[in-house]
Amino acid sequence: MTLHGIPNCDTVKKARAWLEEQGLPYAFHDFRKAGVPETEIDGWIAAVGWEKLVNRAGTTWRKLDEPTRAAVVDAASARALMLAQASVIKRPVTRWPDGRISVGFSADAYAQRVTGQA
């Protein structure tokens with residue numbers, strides 16, 4: 001399992017704490033240190049959709065100028081923005097052992113994934 005995100009993100013902290021409390025091993029991919037994995041982003045977009053990956057409620061999105069925000073209209077433009085500004089990606093992005101992708105964190109959703117109910 002790989003958890004992708006930024007270490008100081010509160011949601012990432014909650015996800016990591018939950019995984020550790022459950023005793024579940026995971027690798028952490030730090031967007032700030034290692035960048036956005038360009039080889040994986042297309043799979044994320046295919047799995048969950050670019051609309052779910054771009055965090056339009058976050059500070060990074062709100063700080064973008066209007067022309068930049070308006071230019072994000074499809075998967076290609078969203079991909080370019082996410083590669084250029086990793087902090088615009090909704091976090092965490094989790095690649096589960098079965099290869100499935102989830103975005104964000106909720107204890108209930110993670111528990112369902114772990115027990116195979118989701």
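**Exercise 1.** Which helices are included in what covers the buried residues of H7?

*Solution.* Quick background: this is a predicted model, where local features need pLDDT of at least 70, side-chain atom pairs count only at pLDDT 80 or more, and totals for chains, interfaces and linings use all residues. Residues are numbered from 1 along each chain as its sequence is written, and side-chain values use heavy atoms, leaving out hydrogens and water.

Step 1: find H7, a helix covering residues 75-84 (helices are DSSP runs of H or I with at least four residues, numbered from the N terminus).

Step 2: pick out its buried residues (under 20% relative accessible area, 1.4 Å probe, protein chains only): Ser-77, Ala-78, Leu-81 and Met-82. Down the axis of H7 they fall within an arc of 135° (taken from the directions from the helix axis to the C-beta atoms), so they line one face of the helix.

Step 3: look at what covers them: helices H3 (38-48), H4 (50-53), H5 (59-63) and H6 (66-70) are included.

**Exercise 2.** Work out how the rings of Trp-18 and Tyr-110 pair.

*Solution.* Step 1: recall the cut-offs: rings of Phe, Tyr and Trp (its six-membered ring) pair if their centres lie within 6.5 Å; planes under 30 degrees apart are stacked, over 60 edge-to-face, the rest tilted.

Step 1: apply them. The centres are 5.7 Å apart and the planes at 90°, so this pair is edge-to-face.

Step 2: Trp-18 is in helix H1 and Tyr-110 in helix H8 (residues 107-114), 92 residues apart. Both are buried.

Terms used
Buried < 20%, exposed > 50% of the residue type's maximum accessible area, 1.4 Å probe, protein only. Helix = DSSP H or I, 4+ residues; strand = E, 2+ residues; numbered from the N terminus. Contact = heavy atoms within 4.5 Å.
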